[in-house]
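These are my notebook entries on one structure, kept in the order in which I looked things up.

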Amino acid sequence: MPEIASVVHVALAALSILLAIIVLGITSDRLVGHGGFCALGEATSTSRDTRGCDTGIAISAIGFVLGIIITVTAVIELMGIKALEVVNSKPVTLIRAIASAIMAFLFLVAFGVIVDEFNSNSRAKTFGGSLKNDAQAAAAFSFFSIANWVALMVLYILRVVRGGSSSPAAGPPA
């Protein structure tokens, strides 16, 4: 029977993929395309500022790719494939902790820029309903991504402190 820590690891890693897909979909389709506030531009400006949406798209794409890598390593760990035990080594676990911390920070940046983009675009505030909801959803799921990546980082830090073992409750090596 798999350890509960390994199952939680797989669930958090899979959730990171799902959240990245949601943020990527909202920012690329709903906010940039179909007349979203990133496609509007200001009435007095000839160039449109899509910094917030472009940042959300880039960070979500990076989070998606890293989420796939972490999910694959979590499934390998859960299956207990002995030929790939390097996945559980202390240096690899430390690299995953650092990558998770970086992704948490990047999604914090995405959250901030998406909220700032919406608040600074005066025309976006006049649009009602779905456009406002899409911007709020992109910000909310970016925020949820922060919590998910921080949880993964804490899981990896606990593993590094306990010697890189697959279970955070295993304790330090003898």
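Is F143 buried, partly exposed or exposed? I found that F143 counts as partly exposed, because its relative accessibility is 47%, where buried means under 20% relative accessible area, exposed over 50% and partly exposed in between, with a 1.4 Å probe and protein chains only.

Before going on, I note that this is a predicted model, in which local features need pLDDT of at least 70 and side-chain atom pairs count only at pLDDT 80 or more, while totals for chains, interfaces and linings use all residues. Residues are numbered from 1 along each chain as its sequence is written, and side-chain values use heavy atoms, with hydrogens and water left out.

**Entry 1, aromatic pairs.** I looked for rings of Phe, Tyr and Trp (its six-membered ring) with centres within 6.5 Å, calling planes under 30 degrees apart stacked, over 60 edge-to-face and the rest tilted; by this rule the count comes to two aromatic pairs. One of them joins F111 and F143, which form a tilted pair with 5.7 Å from centre to centre and 50° between the planes. This pair links distant parts of the chain, since F111 belongs to helix α4 and F143 to helix α6, 32 residues apart. I also looked up the cover on F111, which is partly exposed with a relative accessible area of 26%.

The rings of F141 and F144 have centres 5.6 Å apart and planes at 85°, so I record that pair as edge-to-face. Because F141 and F144 are three residues apart in helix α6, about one helical turn separates them. F141 counts as partly exposed at 25% relative accessibility, and F144 is partly exposed as well, with a relative accessible area of 43%.

I then followed I70, which touches H9, A13, S100, W149 and Y156 (contact being heavy atoms within 4.5 Å) when residues up to four places away in sequence are not counted.

S60 lies in helix α3 and is buried, because its relative accessible area is 0%. Leaving aside neighbours within four places in sequence, S60 is in contact with A20, V23, L24 and F107. T71 lies in helix α3 too, which covers residues 51–79, and T71 counts as buried at 14% relative accessibility. With residues up to four places away in sequence not counted, T71 touches A13, A14 and I17.

The protein chain has six helices and zero strands, where helices (H or I, at least four residues) and strands (E, at least two) are DSSP runs numbered from the N terminus. Buried residues make up 40% of the 174 residues in the protein chain. Of the contacts with a separation of 6 or more, 79% are between residues 24 or more positions apart. The protein chain exposes about 8700 Å², of which carbon and sulfur atoms supply 72%, by the Shrake-Rupley method with a 1.4 Å probe.
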